[in-house]
Amino acid sequence: MKALGIDIGSLTTKAVILCDGILASSIIPSGDEADLSARAAVEDVLNRAGLSLNDDLYIVSTGVGGKSVSLSQQSKAIATCLARGSHYLYPSVRMAIDIGAESSTVIKVNERGRLNDWVNQDKCAAGTGIFLQQMAKLMMMPLEEMSKLSLQAKSRADITSTCAVFAESEVISHVHREPPTPKEEIIAGIYFSVVSRIISLCKRIGIEQDVAAIGGVVLNRGLVKILEEELGFGVLVPEAPQLVAALGAAVIAQENIEKGFS
Amino acid sequence: MISSEKRSDKINAIIRACRIITRMNQANPEALRSETLYYQMLANYYTRLLNAREEGRFVAAHTVFFPSEILYAMDIVPMHTETTTWMMALFLGEQAEILSAGAELGLVPEICSPHRGLAGAFSLGALPHPDAMLWSNLICDNTAKSGELIMELNDCPGFFLDHPFQRSEAEEKYLIGELEDMIHFLKEKSGRKMDWDKLSEIVARMDRQIELFREINELRKSVPSPFGIRGYLQLLTVDYLCPGQPEAIEYLETLRQELAEMVREGKGAVSTERFRLMTLFVPPMYLIGSLDKLEQEYGAVSVVEPLFTRWAEGRLNPSQPLESVVKKSAMIPERRSMYGPLGEPALQDIIDCAEQYKVDGAVYWAFMGCRHTCATVRLFKDILNERDVPMLTVDCDIVDPTINSEEEIRGKLEQFFEMLEDR
């Protein structure tokens with residue numbers, strides 16, 4: 001029996017198959033219906049692994065609408081999956097910072113990969129990937145370029161607003177002032193405004209090392225650099241940080257298989 | 001000018017809702033008698049208020065933690081302002097209208113929503129016009145300010161009862177003096193005299209009432225616990241609306257008997273108790289139906305509420321009624337952690353509760369309008385975590401449904417229960 005985890009995010013749906021290590025993974029854009037997105041991701045990941053739905057699978061789903069996935073045998077809350085996934089990748093991790101498209105979650109993990117505590121912010125776009133996407137549009141450059149450019153910044157522009165919409169006005173004023181604030185400094189300021197929100201979430205539950213940074217947003221190296229500067233130490237970043245919740249769901253599926261569930 | 005008909009609309013609606021529930025309970029052989037008594041008690045309280053004007057009785061509006069025993073002893077009709085706002089949220093779901101009216105008075109969302117709501121309700125004329133407004137600074141800082149606004153809105157006389165933070169002989173004497181001044185004020189405004197014998201009887205019953213609370217708390221230590229989250233809110237209401245009243249005693253005696261029987265039979269509030277929870281502060285009133293369902297679905301029972309249902313040690317003495325009213329104000333559960341310096345005993349009580357009630361996890365309903373209480377979030381979390389009791393903090397509002405969605409709160413609780421199960 002193969003263990004399969006699905007994470008339905010607001011922008012992308014991820015699937016991971018676990019069988020003596022990660023056998024295959026898939027990331028596809030999320031559609032309107034969670035169940036359809038999950039099915040598409042499962043078909044894609046099975047295809048990559050050379051398997052089909054006729055094979056013996058134990059599927060665990062998580063994320064937005066994770067409960068409505070008809071293919072899954074079990075649905076788990078996202079923080080539980082993030083904990084298992086982070087522990088699978090880095091057993092020494094005690095805290096993981098997940099920055100997703102529409103929410104940020106900070107979790108504490110124990111030595112067995114169990115969730116010990118968590119805190120999230122999902123009320124405001126500031127501190128999430130959607131905010132950075134909006135800023136990329138405003139800066140008229142792709143996210144990857146923003147990330148590279150930010151690494152050259154010698155200082156950070158002040159983006160003081162705690163609101164994503166008002167922060168946009170601040171960025172515009174930096175772009176249009178005479179002389180304009182250097183782009184790399186504006187971007188570093190944008191990243192800092194995200195990071196400062198994340199750090200305050202971390203402090204709410206108490207920072208504990210080792211810390212992993214996960215979620216699609218941490219593909220952004222410039223943001224991770226500022227996160228490390230503010231934390232005062234380095235963080236662990238997996239190769240595919242956006243897959244951690246799906247991986248965690250697959251880990252739970254694997255545990256269930258071992259317990260004899262079917 | 002607001003018509004008296006309009007003023008009675010919402011109170012009438014609360015009474016109707018209580019009577020419907022009472023009838024449903026009476027028709028249901030499975031329903032507990034205490035449930036019927038509770039809703040009858042509410043219906044009676046609001047009927048007295050509704051009929052007061054017609055019967056020529058004096059109505060005194062008062063804020064939370066106010067010694068309404070004095071009002072009952074003077075045959076004055078009390079109107080508990082915060083609880084009445086809760087009842088509107090609970091039974092009528094009409095918080096949007098009154099909160100919006102509160103906003104028109106300049107009250108921003110960061111201010112305690114029951115206070116915004118009650119100011120709004122008075123400005124809309126949705127509550128009966130009081131003949132006097134009484135308020136104090138005991139425990140609630142919002143109250144100390146909003147009482148004055150309510151007095152102004154109603155263009156009625158008012159009295160502010162000043163409570164000292166600390167407890168000492170001198171401060172107790174000072175508070176007795178304050179109560180005497182208030183009695184004098186009420187005599188002057190209402191023409192009613194203080195019936196000291198009646199106050200002694202009320203104090204005797206209040207002493208019994210506190211004993212019953214303690215006995216009920218003891219029964220809740222049983223595994224499984226026989227009492228759920230809805231019952232917790234009912235316990236609060238009983239003391240807020242009917243302190244030392246015969247109907248409160250009847251309700252609590254009945255409840256205690258029912259719970260004792262459940263404990264004897266090994267029955268719990270839920271069919272399978274999986275998680276024993278400590279509840280810190282008060283959950284959103286408008287979600288009580290959903291919380292009932294979650295309680296059943298996940299077998300997660302609130303077994304203890306250190307901030308609201310744990311009375312401090314002590315007995316009241318009917319032969320010293322005024323001194324006993326002062327003493328009661330020092331024994332109020334909320335006073336221990338929510339008034340004045342926190343102190344080691346308050347923290348120790350949280351630890352004791354976690355141990356004695358075999359708590360698996362704690363849920364802190366961090367009501368954004370009660371900032372001085374929310375300052376304890378980290379302290380409580382740390383001491384509970386040190387004893388391996390996880391605590392979930394839910395930033396929320398107890399009356400205003402625009403702050404959190406039901407889905408969001410459900411998601412957080414489900415994640416928490418999953419975490420407890422997974423440990």
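Visitor: How many residues of domain 1 of chain A are in contact with domain 2 of chain A?

Guide: This is a predicted model. In it, twelve residues of domain 1 of chain A are in contact with 14 residues of domain 2 of chain A. On the domain 1 side, helix α2 of chain A, residues 78-89, gives the most, with eight residues. By class, that side of domain 1 of chain A holds seven nonpolar, four polar and one charged residues.

Visitor: Where do the two domains lie along chain A?

Guide: Domain 1 of chain A covers 1-90 + 241-262, and domain 2 covers 112-237. The centres of these two domains of chain A, taken over C-alpha atoms, are 28 Å apart.

Visitor: At what angle do helix α4 and helix α6 of chain B pack?

Guide: An angle of 65 to 115 degrees counts as roughly perpendicular. Helix α4 (residues 81-92) and helix α6 (residues 113-124) of chain B pack at about 90 degrees, with axes 9 Å apart. The helices α4(B) and α6(B) are therefore roughly perpendicular to each other.

Visitor: Which residues of α4(B) and α6(B) meet?

Guide: From α4(B), T81(B), E82(B), T85(B), W86(B) and M88(B) meet P114(B), G117(B), L118(B) and A121(B) of α6(B). This contact of α4(B) with α6(B) has five nonpolar, three polar and one charged residues.

How values were computed. Residues numbered from 1 in each chain as written. Chains lettered and ligands numbered in written order. Predicted model: local features only at pLDDT ≥ 70, side-chain atom pairs only at ≥ 80, totals over all residues. Domains from an automatic or database assignment. Contact = placed C-beta atoms within 7 Å. Helix = DSSP H or I, 4+ residues; strand = E, 2+ residues; numbered from the N terminus. Nonpolar A, V, L, I, M, F, W, Y, C, P; charged D, E, K, R; others polar. Axes fitted to C-alpha atoms, helices over the stretch in contact; angles between N-to-C directions. Parallel < 35°, antiparallel > 145°, perpendicular 65-115°, else oblique.
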